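Dear colleague,

I am passing on the structure we spoke about, together with some notes on what I found in it. Please look through the model first and then read the notes alongside it.

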Amino acid sequence: MEERDFMLVKCWYCKEKVEKGSNDWTSYNGHNYHIECVEIAKQRAHFYEYINYIFCLKSPGPVIISQAKMYNEKYGYSFLGMERALRYWIEVKHNPETRPIEDRTIGIIPYVYNDAQAYYARVDKINEQFRKDTEKAEAREKIIKVVPIPKQKERKPKYNIDEIE
């Protein structure tokens with residue numbers, strides 16, 4: 001058997017070593033990651049993009065970043081879950097962000113996180129059921145038998161007027 005020598009690199013997210021080129025390694029945005037860590041990094045990037053969008057920022061400030069880090073580490077909230085909580089609060093519950101820019105934080109997340117997760121669990125369940133129903137409908141074959149219409153024969157009149165005379 002041939003043994004490969006993998007180069008050890010540091011995962012950009014968890015800072016642990018990963019063998020570059022192994023099945024547990026991937027690259028994202030020019031950085032090295034574990035397969036599990038790259039998904040978290042993508043969720044975090046989408047979360048911060050959404051924050052920038054709703055607060056009209058170029059990048060989240062230190063207060064927002066520290067809040068997100070605390071919610072992630074202390075409460076175990078995922079970045080996807082926090083993004084869904086904000087979407088739920090702003091888009092579903094219709095609470096527009098109108099505070100002055102210096103007061104814009106993500107402090108609402110702990111208060112709506114569980115409700116948002118329940119809401120999106122219901123939405124995901126409905127979407128999954130819809131997907132299954134659609135697949136079943138597409139899988140059903142309808143056999144349509146096409147019967148050609150027979151051509152009608154030209155009928156000859158029973159009596160010919162010329163013959164009668």
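Please bear in mind that this is a predicted model. To begin with the strands, β1 and β2 form a hairpin with six residues between them, and in the turn Lys-15 has a positive phi of about 70 degrees. The two strands, β1 at residues 7-10 and β2 at residues 17-20, run antiparallel and are joined by four bridges; Val-9, for instance, has Val-18 in β2 as its bridge partner.

If neighbours within four places in sequence are left aside, Leu-86 is in contact with Phe-47, Tyr-50, Ile-51, Ile-54, Glu-91, Ile-106, Ile-108 and Ile-109.

Helix α2 deserves a separate look. Its twelve residues reach 16 Å from the first C-alpha to the last, close to the 16 Å expected at 1.5 Å a residue. The buried residues of α2 are Ile-64, Gln-67, Ala-68 and Tyr-71, and because they cover an arc of only 95 degrees around the axis, they lie on the same side of α2. The exposed residues Pro-62 and Glu-73 are carried on the face of α2 that is turned away from its buried side.

Technical notes
Residues numbered from 1 in each chain as written. Predicted model: local features only at pLDDT ≥ 70, side-chain atom pairs only at ≥ 80, totals over all residues. Heavy atoms only, no water. Contact = heavy atoms within 4.5 Å. Expected span 1.5 Å × (residues − 1). Buried < 20%, exposed > 50% of the residue type's maximum accessible area, 1.4 Å probe, protein only. Arc of directions from axis to C-beta. Pairing = 2+ DSSP bridges.
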